[in-house]
Amino acid sequence: MQSLDDDQAQDIISIPLEGKSSIADYMVIASGRSSRQVATMAQKLAERVKHSTGRSARIEGLPVADWVLIDAGDIIVHLFRPEVRSFYNLERMWGFVDAPVAGTA
């Protein structure tokens, strides 16, 4: 969360997944202002994960960077451009309906 905040991510939320899914303990969702910012945040986050844990995070979606997924083991991070985040609305899908809709906060 701090890494994303340092990189000026917008509308950062953390969703606890324990008891809901076995894929991870937490899901973090954040937005970037552009594809370039989303890609840069994803690459920096993956580097920070490797530096702090010694494990490489898997990254999906970098070429286009509309929606980038970073699998850091116990934490899954989704980085979106705001309009793509609004379209998929993962917060609602995971029952986190109190989250701000991207672009409205």
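The model is predicted. Its largest nonpolar core has 18 residues, and its largest pocket holds about 240 Å³ of space. Helix α2 gives the largest share of that core and also the largest share of the pocket lining.

**Largest nonpolar core**
- Seven members touch the most other members: Leu4, Leu45, Ala57, Val68, Ile70, Val77 and Leu79.
- At least two core residues come from each of β2 (26–31), α2 (35–53), β4 (67–71) and β5 (75–80).
- Helix α2 supplies seven residues, the largest share.
- In soluble globular proteins, nonpolar side chains tend to be buried together.

**Contacts of Leu79**
- Leaving aside residues up to four places away in sequence, Leu79 touches Leu4, Ala30, Val38, Met41 and Ala42, among others.

**Another core**

**Largest pocket**
- The lining has 15 residues.
- Leu45, Val49, Ala72, Ile75 and Val77 lie nearest the pocket centre.
- Two or more lining residues come from each of α1 (2–6), β2, α2 and β5.
- Five come from α2, the largest share.
- By class, nine lining residues are nonpolar, three are polar and three are charged.

**Where core and pocket meet**
- Leu45 and Val77 are among the core members that touch the most others, and both are among the lining residues nearest the pocket centre.

Terms used
Residues are numbered from 1 along each chain as its sequence is written. This is a predicted model: local features need pLDDT of at least 70, side-chain atom pairs count only at pLDDT 80 or more; totals for chains, interfaces and linings use all residues. Side-chain values use heavy atoms; hydrogens and water are left out. A nonpolar core is a set of buried Ala, Val, Leu, Ile, Met, Phe, Trp, Tyr and Cys residues joined through side-chain atoms within 4.5 Å. Buried means under 20% relative accessible area, exposed over 50%, partly exposed in between (1.4 Å probe, protein chains only). Helices (H or I, at least four residues) and strands (E, at least two) are DSSP runs, numbered from the N terminus. Contact means heavy atoms within 4.5 Å. On a 1 Å grid over the protein atoms alone, a cavity is a set of points where a 1.4 Å probe fits but cannot get out, and a pocket is an open set with protein on both sides within 12 Å along at least five of seven lines; lining residues have an atom within 4 Å of a point. Grid points are joined across faces, edges and corners, and a volume is the space filled by probe spheres set on the points. Ala, Val, Leu, Ile, Met, Phe, Trp, Tyr, Cys and Pro count as nonpolar, Asp, Glu, Lys and Arg as charged, and the others, Gly among them, as polar.
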